[in-house]
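Let's take a walk through this protein, from its surface to its core and on to its sulfur link. Have the model open while you read.

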Amino acid sequence: MKARARRSAATTLAVAVLAVAASGCINTDAAVFVEPSIAAPEATVSSNALGTGLIASFALELHLGARASGPSRVAVRTFAISSADQKTSIVEPLPVETTAALPVEVAPDSDVTVAFTVDTGAQGGTLPADAAAALCAAEGIRITGAIEDSLEDGATPVASAVFHADCP
């Protein structure tokens, strides 16, 4: 009788272990609101008699964890180029364009990437001549911005890592 009870307990334990293994790992991603980041920032600065030209691109990456209460609609508030320490705005607002329809929906346990471009020449304008020095500073620059997440009140700030523009 004891042997049968031990086999039964061992079988129950084995089934429980197999059930846990089959279900995969428990998702510990705590992102219940959208976590934005800016990836692959690039900028090219040009100067002429009329002012400073800027061509730039970057990707806005949006992540929402599996524990979120549902999907989020994410809208972009604004983008700017700032100094590396983020104390000085160099180009604000940054005239961005994207081919994606905004706002975008981010489902729980997913990532969405939206590509943005800037071309001040294509928009028929230039930046002030002194913008070139700030955009080409040895300390570098950042792309900064804010998004609105429908799962959260207010704006969520986002900033790229420091990078250096291609300068004349």
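The protein exposes about 9,800 Å², and carbon and sulfur atoms supply 57% of that area. Accessible areas here come from the Shrake-Rupley method with a 1.4 Å probe, and for residues only the protein chains shown count as cover. Keep in mind that this is a predicted model, where local features need pLDDT of at least 70 and side-chain atom pairs count only at pLDDT 80 or more, while totals for chains, interfaces and linings use all residues. Residues are numbered from 1 along each chain as its sequence is written, and side-chain values use heavy atoms, leaving out hydrogens and water.

Now for the inside. Of the 168 residues, 35% count as buried (under 20% relative accessible area; exposed is over 50%, partly exposed in between, with a 1.4 Å probe and protein chains only).

The protein has two helices and eight strands, in the order α-β-β-β-β-β-β-α-β-β. These are DSSP runs numbered from the N terminus: helices are H or I with at least four residues, strands are E with at least two.

What sits in the middle of things? Nonpolar side chains tend to be buried together in soluble globular proteins. The largest nonpolar core here has 33 residues, and Leu54, Ile81 and Leu135 have the most contacts inside it. Such a core is a set of buried Ala, Val, Leu, Ile, Met, Phe, Trp, Tyr and Cys residues joined through side-chain atoms within 4.5 Å. Strand 2 gives the most to this core, with six residues. Leu135 touches, among others, Val45, Leu54, Ile81 and Cys167, leaving aside residues up to four places away in sequence (a contact means heavy atoms within 4.5 Å).

That brings us to the sulfur link. Which residue does Cys136 join in a disulfide? Its partner is Cys167, with an S to S distance of 2.0 Å, and a search of the whole structure finds one disulfide (a pair of cysteine sulfur atoms within 2.5 Å). The torsion about the S-S bond is about -100 degrees, so the disulfide is left-handed. Cys136 lies in the loop between helix 2 and strand 7 and Cys167 in the segment after strand 8, so the pair ties together parts 31 residues apart in sequence.

| Cysteine | Relative accessibility | Class |
|---|---|---|
| Cys136 | 29% | partly exposed |
| Cys167 | 32% | partly exposed |
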